Each structure stands twice: as structure tokens, then as C-alpha cells.
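Try each task yourself before you read its solution.

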Amino acid sequence: KLSNRLQMIADRVPAGSRLADIGSDHALLPTYLAQQGIILFAVAGEVNPGPFEAATRQVLESGLSKKISVRSGDGLAVIEAGEVEVITIAGMGGSLMASILEAGKHKLQGVTHLILQPNVGEDYVRRWLLEQGWKLESETILEEDGKIYEILTASAVPDEEKAQLEALYAERILSGGIKVTKERLLQMGPYLISQAPEVWFTKWGNELNKLAMIVDQLGRSSAEASKVKAEQVRQEMKEIKEVLACLQ
Ligand code: SAM
């Protein structure tokens, strides 16, 4: 049985697709999808030897060697252009995820869906999708074992529609009169801000606590740069609190 997090990712994979799961670790996601008959074929990519061996073993033991190809390599280097329609990348930082996508851009031809679950730094992922002309289709947030995860799905759009993608991040005024900038939408999620689920408030409460600790640490230094930085973080906290207060 998959964890709730992996199950929610699995639920977003269109039936009948060919999948690449990058950073697959034990290949749990492609194994489940192949066993359920949801995917036709999968590549399980891993850059590290330990997880690569774990994936190889898992696929062998499940008798799925014909359906899942376990490959060793960095990011999208493990796939050929046109080999898969869906890419999942889960359980790593958003900045690493964006750099994997950027480095493997030339492999994305023919890919129709990206399903991404960054552990932190979701804004890097949203920004990369926007700048590279991928449509953010949905955002989900869930809590499992005391951790909060976001799952972002994106689809490829024809060139002539790429100019419209910015609209999702157009500045908004909330009902309380608070302005939400493009930067804030990239950070907090354009759909999540609209839906404002309970877990999302918990996540931003946690983020505010982390920022408060940073301000506290900066306050122990008398350097001018620390004071400036502390003021910036305080301002950031104030703005996030204003947004949350409008939505509560
Ligand atoms: N995707 C699985 C999940 O969500 O449960 C495993 C997540 S695990 C925490 C992250 C995996 O990504 C590790 O096994 C790591 O070796 C792999 N990884 C990190 N950087 C990678 C890269 N550049 N290319 C491929 N795999 C990578």
C-alpha cells in the first residue's frame, strides 16, 4: 500500500500513459501504477547507487521487468525525447526539481503532464513552469506523519497559448483589501490561495514560526547587514499574516 502522499501522486497519472519517475528511490510509484494496470510502461530513474539498487530489486521481485525500466542517471538524462508522456518527480527540494527540469528541457518534447511534489521551495517549481510555458493545472496539499506536502500538476500548452499563462499570477486584491503580488502567488500557490484549505493555513503558520526564529537569530547580531535582513524578514512576515488574515 502506498503512503497517502504517493497515492495522491498516483491518482494524478492519466491511465494508459508512459511514465518516467525521476528520483524513484524504491520505485514504489511506478510499481504500484504498473500493478494496477494504470500505466503502459515506466522508466524509474535514480542518480544514487543505493536507491538505484533498491529500485532494481523491487522491480525484479514484483515481476515487472518488462514494464519498468530502471535506469541510473542524473535527472532526465535517463529518458529519450518522445519516450514518455508523463513525468513524476517527488520528494526533493523545489530548487533541485527546477534545475533537473531545466537541464533536461530538450527531453520534454512529447511530454504532456508533469506531476511534481517538492518538499520545500515550491516557488522555484511554479516559476520554472511559468517561465517555460507549462500550465499549472492544479495544486493539492496534504499532511502525513506531521509533514505537509504540496502536489503540483502541469500540462503542456501550445505556443500560441503560452502568453496567457501569466494570468494565473495576475495581482489580486483580496476581499479585505489586501494586495497579493505575483511573487506571493508563486510562493503561496494561486489555487491554494483561492481554496485556502486548513492544512495550507497550518503550513503557513509553520513558515511564520521559522521566519520568527530567523528574525530572532538575526537580532543577536549587531551587524548592520543583519539589521537590514531582519527588517526584510519582518516585513515578509507582516505581509504573509495580512494575506492569511484576509482568508481566514
Ligand atoms: N520519489 C520518491 C518518493 O517521493 O517517495 C523518493 C524520494 S527520495 C526522498 C529522493 C530521491 O531522489 C533519492 O532517492 C535521490 O537519490 C534521488 N535524486 C536526487 N537527485 C536526483 C537527480 N538529480 N536525478 C535522479 N534522482 C535524484
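**Exercise 1.** Find which residues Leu-6 touches, leaving out residues up to four places away in sequence.

*Solution.* Start by locating Leu-6 in this predicted model: Leu-6 sits in helix H1, residues 4-10. Next, look for its contacts beyond four places in sequence, which are Leu-28 and Leu-29. As a further step, look at Tyr-32, which is 26 residues from Leu-6 along the chain; the two C-alpha atoms are 9.6 Å apart.

**Exercise 2.** Decide how Leu-6 is classed: buried, partly exposed or exposed?

*Solution.* Count the other C-beta atoms within 10 Å of Leu-6: there are 19. A buried residue needs 20 or more, and an exposed one has 12 or fewer. Leu-6 is therefore partly exposed.

**Exercise 3.** Work out how helices H4 and H5 are oriented relative to each other.

*Solution.* Two packed helices are described by the angle and the distance between their axes. For H4 (residues 94-103) and H5 (residues 122-131), the axes come within 6 Å and cross at roughly 25°. Angles under 35 degrees count as roughly parallel, so H4 and H5 are roughly parallel to each other. The crossing is right-handed. On the H4 side, the contact is made by Gly-94, Ser-95, Met-97, Ala-98, Leu-101 and Glu-102, and on the H5 side by Glu-122, Asp-123, Tyr-124, Val-125 and Trp-128. Sorted by class, this contact of H4 with H5 holds six nonpolar, two polar and three charged residues.

**Exercise 4.** Describe the shell around the ligand: which residues come nearest, and which element gives the most?

*Solution.* Of the 16 residues around the ligand, the nearest are Gly-23, Asp-25, Pro-51, Ala-90 and Gly-91. Two or more residues come from each of strand S2 (39-46) and strand S4 (86-92). S4 gives the most, with three residues. By class, the shell has seven nonpolar, six polar and three charged residues.

Definitions and conventions. Residues are numbered from 1 along each chain as its sequence is written. This is a predicted model: local features need pLDDT of at least 70, side-chain atom pairs count only at pLDDT 80 or more; totals for chains, interfaces and linings use all residues. Axes are lines fitted to C-alpha atoms, for helices over the stretch in contact, and angles run from 0 to 180 degrees between N-to-C directions. Helices (H or I, at least four residues) and strands (E, at least two) are DSSP runs, numbered from the N terminus. Angles under 35 degrees count as roughly parallel, over 145 as roughly antiparallel, 65 to 115 as roughly perpendicular and the rest as oblique. A crossing is left-handed if the near helix is turned anticlockwise from the far one by less than a right angle, and right-handed if clockwise. Two residues are in contact if their C-beta atoms, placed from the backbone, lie within 7 Å. Ala, Val, Leu, Ile, Met, Phe, Trp, Tyr, Cys and Pro count as nonpolar, Asp, Glu, Lys and Arg as charged, and the others, Gly among them, as polar. A residue is near a molecule or strand if its C-beta atom, placed from the backbone, lies within 6 Å of it.
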